[in-house]
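Hi,

Here is the structure I promised to pass on.

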Amino acid sequence: MNTKFYKNCDASELTEAAEILKNGGLVAIPTETVYGLAANAYNGKAVSKVFEAKGRPTDNPMIVHISKLEEIHPLVTDFPEKAKALAEAYWPGPLTMILPKSDLVPREVAPRLETVAVRMPSHPIARKIIELAGVPLAAPSANSSGSPSPTTAQHVLNDLDGKIDAIVDGGECDVGIESTVITLATDVPRLLRPGGITLQQLEAVLGHVDVDPAVLSELKEGVAPASPGMKYKHYSPKAEVYIVEGSLESFKFLIDSEYRDGDMALCFNGEETDIPVTCLSFGDENDLDSQAHLLFAQLRKFDELGAKRVFVRAPSNEGVGLGVYNRLLRAAAFKVIKPPVIYGLTGQTGAGKSTVGEILSEKGYLIVDGDVAARAVVEKGSPVLKELSDTFGSDILDENGELIRAALAKKAFSTEENRQKLNSITHPAVTKWAIDFVKENLNESHKGVIVDAAAIFDSDIKRYCSKMIVVTAPEEERLARILSRDGLTEEAAMLRIKAQKDEQYYKERADILVRNYAPYNLSQELELL
Ligand code: TXA
Ligand code: MG
């Protein structure tokens with residue numbers, strides 16, 4: 001079949017499209033939510049062609065679209081007050097109501113059900129076509145069953161070219177996810193599918209609305225869903241999708257530690273440059289409308305880019321976000337990952353960083369010891385040590401091939417350029433060591449990860465730390481601690497103190513400041529961790 005493509009949307013094109021529908025054909029039409037694949041709702045034969053074109057399971061009922069309120073009466077046996085109030089508030093718009101079905105609705109529209117789904121779209125082209133066709137239109141989303149719903153005419157063309165009579169190009173859909181579906185056929189109204197009209201908006205009109213468990217959780221084997229569409233894996237690009245809860249820093253840790261060829265990410269605006277795989281953004285972190293608007297288009301783009309796995313920054317599930325989260329859960333087949341929360345722990349020498357590390361370890365954090373990491377990567381025979389001796393000279397090694405730290409320090413800290421060379425050799429190895437350590441040692445019982453490192457603000461690892469814990473103490477106290485602990489002369493101890501950045505530097509970079517001196521007490525200082 002040759003699929004006609006109407007892109008002017010003038011009166012003659014829309015009349016032609018309506019004519020096709022009247023004659024039992026299939027036309028993809030724009031709505032404010034997503035594109036719909038429309039058929040005359042009173043023509044069972046036309047409706048069954050929709051299932052065929054989409055490859056849709058035939059038990060999945062369709063929404064009937066009307067353009068005027070009076071068109072609802074022949075479709076339903078009851079139009080209760082609650083439904084009237086909702087129609088008054090939110091029609092035309094992205095809201096679908098499930099109501100008791102009249103016998104005029106052919107069984108193909110809602111196979112084996114006593115109910116019918118009705119919606120009055122707000123998109124002017126959709127409304128015009130319904131009007132011109134003179135009949136309500138049954139229309140599911142105009143995608144191949146299982147793939148993300150189409151939000152542009154091009155998406156429809158990609159999925160259904162040659163399988164339907166025509167496509168009307170009305171530009172990008174505004175909302176971007178399908179309508180909110182609520183049933184009024186139960187005693188308490190129940191939200192079956194979240195969308196552009198939010199739960200709060202529904203409750204503002206109706207009072208309490210139940211939320212169907214299938215909105216946010218996987219249906220148990222054998223349980224019949226209130227909305228048949230909910231049982232199918234949906235909205236999926238070809239790649240495996242994973243929702244990743246938590247901070248951007250934890251997200252980066254996950255990407256780096258699990259990296260495989262073909263990994264890509266769906267993130268918020270501005271995060272792309274910081275995530276080392278191909279990233280698409282679906283809007284600002286707080287812009288839930290944009291996330292809804294872009295979600296499906298971006299999921300489709302991952303297919304074009306050949307993604308094998310897509311890691312998604314978890315959006316908020318408030319307001320319209322509930323709809324976005326619901327679609328993502330299905331795209332991900334409910335795979336949600338919670339990478340560990342990671343904090344950096346640092347402080348000037350003698351401040352008591354190690355003591356704090358011990359307390360946090362007792363509290364259930366996995367401690368990554370930066371000193372141990374730094375030593376491990378330059379063990380005798382290691383590739384890092386080889387590179388260091390190639391760069392700085394073999395006289396940094398003793399006769400057994402072990403590193404002479406003082407010799408390396410002398411050379412590496414002689415110029416800024418050398419210091420950078422040293423860092424570029426050691427930092428990636430330390431980071432990798434830390435990642436491997438976490439992968440090997442982290443278990444369910446851990447609250448999170450603490451990276452204990454004096455030079456954390458200069459490290460690569462800081463990109464994984466969502467907060468920095470800085471331990472402080474006055475200089476005289478730190479001096480006294482070093483003297484009694486390390487058996488240095490006062491002069492040597494002061495040299496060590498002065499070699500570090502000053503207190504101001506640490507304090508400016510602290511998210512959590514831990515005061516390790518009287519009258520403060522550490523357990524109180526660490527209470528919130
Ligand atoms: O925004 C939308 O709703 C778009 C545009 C085209 O209007 N349409 C759409 O249709 O998303 P579709 O078929 O992809 O999704 C309709 C959902 C399915 O989950 C279906 O199971 C549910 O509504 N549904 C339809 N009739 C129902 C009924 N009588 N009882 C319970 N659920 C029903
Ligand atoms: Mg659909």
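**Strands, helices and a domain contact**

V181 has R193 in β10 as its bridge partner. That bridge belongs to the antiparallel pairing of β9 (residues 180-183) with β10 (residues 190-193), which runs over three bridges. Strands here count as paired if DSSP finds at least two bridges between them. Helices (H or I, at least four residues) and strands (E, at least two) are DSSP runs, numbered from the N terminus.

Before you go further: this is a predicted model, where local features need pLDDT of at least 70, side-chain atom pairs count only at pLDDT 80 or more, and totals for chains, interfaces and linings use all residues. Residues are numbered from 1 along each chain as its sequence is written, chains are lettered from A and ligands numbered from 1 in the order in which they are written, and side-chain values use heavy atoms, with hydrogens and water left out.

Back to the sheet. It is open and mixed, with 11 strands in the order β1-β8-β2-β3-β7-β4-β6-β5-β9-β10-β11. β1 (4-6) and β11 (210-211) sit at the edges with a single partner strand each, so one side of each has no neighbour in the sheet. Helix α6 (residues 199-206) lies across β5 (95-100), β9, β10 and β11, at about 35 degrees to β9. Axes are lines fitted to C-alpha atoms, for helices over the stretch in contact (heavy atoms within 4.5 Å), and angles run from 0 to 180 degrees between N-to-C directions.

The chain is split into domain 1 (4-214), domain 2 (240-337) and domain 3 (342-525), with bounds from an automatic or database domain assignment. How much do domain 1 and domain 2 bury between them? About 1,500 Å², 55% of it on carbon and sulfur atoms; buried area is the accessible area (1.4 Å probe) that two parts lose on being put together, summed over both. P148, I177 and P194 supply 35% of what domain 1 buries against domain 2, more than any other three residues.

There are two salt bridges between these domains, a salt bridge being a side-chain nitrogen of Lys or Arg within 4 Å of a carboxyl oxygen of Asp or Glu. R327 and E178 also meet in a salt bridge, at 2.6 Å, N to O.

C9 is not a glycine, yet has a positive phi of about 55 degrees.

Cheers
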